[in-house]
Amino acid sequence: MIYLNTLQAQEVIDRATERAKEISVNASISVVDSGAHLIAFRRMDGSAIGSGDVSQRKARTAALFGFDSGDFGKIIGKLKLTGMEHSNGGLAAFPGGIPILSKQGIAGAIGVSCLLYTSPSPRDQRGSRMPAC
């Protein structure tokens, strides 16, 4: 199994935070390991309180399935897998979660949520692409 360590996870959080500041959004940012366990989290001042849970679900989805959470949503919609997002402790079927890949496979994932009272927010998708991993 491939692991992200806490230092690497914090670097991802720091990069994502800087990118969020550049594009003037307040985000919640979660990083999970390859087993979808939370290893780093930041809720920026001014972000919606509920966005923390959303960012974790996005990261968990990307880690468990190995592709963007938005693509997961398209697949479950196309295959009519109603309720699939309720599995695995809660997943996200909209953009904002992406896997973090290494040469050996999936090392973990990042989930970014910057809820702006629209769902899904286009800024969530931009936000999740912030780190260069």
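This is a predicted model: local features need pLDDT of at least 70, side-chain atom pairs count only at pLDDT 80 or more; totals for chains, interfaces and linings use all residues.
Which residue in β4 is the bridge partner of Ile98? Residues are numbered from 1 along each chain as its sequence is written, and side-chain values use heavy atoms, without hydrogens and water.

**View 1. The hairpin of β3 and β4.** Ile98 has Ile110 of β4 as its bridge partner. Strands β3 (residues 97-102) and β4 (residues 105-113) pair in the antiparallel sense over six bridges; pairing requires at least two bridges found by DSSP. Two residues lie between the strands. Strands are DSSP runs of E, at least two residues, and helices runs of H or I, at least four, numbered from the N terminus.

**View 2. The salt bridge of Arg42 and Asp14.** A salt bridge places a side-chain nitrogen of Lys or Arg within 4 Å of a carboxyl oxygen of Asp or Glu, and the model has five by this rule. Here the N to O distance is 3.0 Å. Arg42 belongs to strand β2 (residues 38-43) and Asp14 to helix α1 (residues 6-22), so the pair ties together parts 28 residues apart in sequence. Arg42 is partly exposed at 26% relative accessible area (buried is under 20%, exposed over 50%, partly exposed in between; 1.4 Å probe, protein chains only).

**View 3. The salt bridge of Arg19 and Glu22.** The closest N and O atoms are 3.2 Å apart. Arg19 and Glu22 are three residues apart in helix α1, about one helical turn. Arg19 is partly exposed at 32%, whereas Glu22 is exposed at 57%.
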